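Let's walk through a two-part structure together, question by question. Please have the sequence and the coordinates open beside you.

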Amino acid sequence: MDIYDVLLRDFPFLLKGLGVAIVLLAALLVIGFVLGMGICLVQLYGPRSRLVQWPLVLYERIFRGVPIIIMLFIFFYGISGVWDISAFGAAVLAMGLRSAAYQSQIFRSAFQSVPAGQMMAARAMGMSKIMAIRHIVFPQAARHAIGPWTNEFSSEIKETSLAYVIGVVELTRQAHYIITSTQGNVLTVFAVVALLYFILNRTGNSLLYALERKLAVPGFEK
Amino acid sequence: MNRIKASLMPAALMGTLLIGSGLATTSFAQDPYTVGVEASFPPWAYVEAGEFKGIAIDAMEAIAEEAGIEIEFQDMPFPSLIPALAAEKIDILATGLTVTEERSENIDFTIPWWETNDVVLVPEDSDLNVFTAVCCGASVGVQGGSSQQAWMEENVVNSSDIDVELSKYDNYVTAVDDMAIGRISSVIVDDTSAQEYINAGKPVKMAGKIYIRAPLALAVSKGDPQEILGDLNQGILAIYESGEWGKIVENYIPGVTVPAIPGHMPDFVDTYQKPVAGLPELGNE
């Protein structure tokens with residue numbers, strides 16, 4: 001059986017691995033989005049007290065400053081003393097919490113790019129702070145955030161491939177199976193895998209760019 | 001794979017919920033034992049067409065049947081397996097695992113089921129011999145965390161003036177491929193795997209053999225918290241005596257001489273002290 005037959009036969013397993021990678025990606029991006037948005041809002045509009053702000057800064061510095069592979073090991077082996085976490089759960093948590101740290105800074109810069117005068121004007125019109133954020137600042141910030149967010153999306157797709165170190169059988173690990181059971185063909189197998197990652201990446205980014213175009217306000221900020 | 005599915009659905013549904021039993025794998029008494037394997041290590045364990053295969057896989061299934069226990073396999077890269085066993089993330093380790101003193105301090109070994117010697121692999125067209133392949137500026141490939149790496153560090157790199165650079169790889173297939181493109185000059189690997197590469201038509205040959213008589217065994221967490229060491233020991237002996245072991249090995253490495261079980265049991269392993277779990281008549285005095 002030559003390598004192309006093997007690839008054809010095992011293609012469903014590569015797709016299965018891709019599926020695991022996509023679910024991992026979706027879960028970590030959702031965690032990152034919700035937590036990251038929360039951190040951003042508290043950093044910008046929350047109480048200025050150090051008791052609130054310092055833990056957020058500390059969290060964001062730690063998760064942005066430690067390599068993800070170390071975080072994966074810490075979450076998988078470290079937490080297991082307290083709670084018997086699965087490899088997939090550990091990967092979602094470690095990568096989701098780290099993505100939250102990154103996304104909080106993407107959102108912070110997007111919110112800060114909205115001129116401060118708009119907030120003041122909204123308040124002067126009688127809007128509450130929450131209403132002003134919801135109706136004035138957020139819609140503009142969200143549009144600004146999509147561009148940088150495509151970066152986060154692209155890099156997280158590729159980082160899901162690291163989850164195999166703690167035993168998550170995703171696309172890269174499935175590729176390893178083919179390489180080792182056929183005793184080689186590194187170039188061919190990884191070329192196919194690279195193509196799969198590339199297609200996923202391109203599709204996701206195209207959708208995000210389409211969203212960006214759809215949300216763009218004609219004649220505004222051009 | 002069931003484990004992944006079970007934890008994946010709730011993870012997707014819950015999305016942001018950090019708490020929830022879906023992300024955890026709580027152990028119950030009737031749960032199958034999790035057998036950790038390195039599934040990129042033929043002929044011991046590998047995946048072909050989505051199925052676990054290999055000597056360790058087939059033998060483990062036979063032993064489980066013999067002992068009347070349920071098992072499920074969990075794949076992990078080799079350097080993660082021993083930490084996972086030590087942290088009790090897996091219950092049994094079944095791969096081409098060499099018995100070493102260092103490892104025996106962190107995990108408990110079953111009786112040896114195989115014996116290997118190491119081989120110096122060089123490219124087919126190379127004129128290096130067993131001496132020149134591991135000296136004088138040679139770059140030698142090993143699998144990271146393997147017994148070959150430990151042996152090379154102890155006997156060559158740290159204890160002599162021989163100028164050798166060790167390159168550590170995630171698995172041996174990458175090491176052998178890296179040698180084929182000339183990045184390293186030789187690879188130290190066990191003789192079983194080496195034969196496998198040659199049979200598969202890789203452009204490599206054996207420059208020589210290092211007789212270390214290294215026993216291979218299964219392993220469980222230190223102190224045998226699941227109390228399965230005795231079952232495994234009896235199971236290994238039972239499939240050897242019934243001839244099933246020989247058939248499994250012959251299936252994967254045709255023509256190989258099967259070492260007797262129980263083989264050489266090194267003194268430094270505490271679980272080899274008499275009485276051995278499940279086999280009280282065996283063991284070192």
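The questions below go from each chain as a whole to single residues.

This is a predicted model, in which local features need pLDDT of at least 70 and side-chain atom pairs count only at pLDDT 80 or more, while totals for chains, interfaces and linings use all residues. Residues are numbered from 1 along each chain as its sequence is written, chains are lettered from A and ligands numbered from 1 in the order in which they are written, and side-chain values use heavy atoms, with hydrogens and water left out.

Q: What pattern does the secondary structure of chain A follow along the sequence?
A: Helices (H or I, at least four residues) and strands (E, at least two) are taken as DSSP runs, numbered from the N terminus. Chain A has eight helices and zero strands. Read along the sequence, its pattern is α-α-α-α-α-α-α-α.

Q: What share of the accessible surface of chain A belongs to carbon and sulfur atoms?
A: Accessible areas come from the Shrake-Rupley method with a 1.4 Å probe, and for residues only the protein chains shown count as cover. The C-alpha atoms of chain A fill a box of roughly 75 × 50 × 20 Å along the principal axes. Its accessible surface is about 10,600 Å², and the carbon and sulfur share is 71%.

Q: Is L7(A) buried or exposed?
A: L7(A) sits in helix α1 (residues 3-45) of chain A. Setting aside neighbours within four places in sequence, L7(A) is in contact (heavy atoms within 4.5 Å) with L14(A), I178(A), T188(A), V189(A) and V192(A). Buried means under 20% relative accessible area, exposed over 50%, and partly exposed in between (1.4 Å probe, protein chains only). Because its relative accessibility is 7%, L7(A) counts as buried.

Q: Which residues does I146(A) contact, leaving aside its neighbours within four places in sequence?
A: I146(A) belongs to helix α6 (residues 129-159) of chain A. With a relative accessible area of 8%, I146(A) is buried. Its contacts beyond those neighbours are L208(A), L211(A), E212(A) and L215(A).

Q: What percentage of the residues in chain B is buried?
A: Let's turn to chain B, which has nine helices and 13 strands. Of its 285 residues, the buried part is 54%.

Q: Which residues touch the most other members of the largest nonpolar core?
A: A nonpolar core is a set of buried Ala, Val, Leu, Ile, Met, Phe, Trp, Tyr and Cys residues joined through side-chain atoms within 4.5 Å. The largest one has 152 residues, and those touching the most other members are W113(B), L121(B) and W245(B). This core draws at least three residues from each of domain 1 and domain 2 of chain B. Not counting residues up to four places away in sequence, the residues that L121(B) touches include V176(B), M179(B) and Y197(B). The names asked for are W113(B), L121(B) and W245(B).

Conventions. Domain bounds come from an automatic or database domain assignment.
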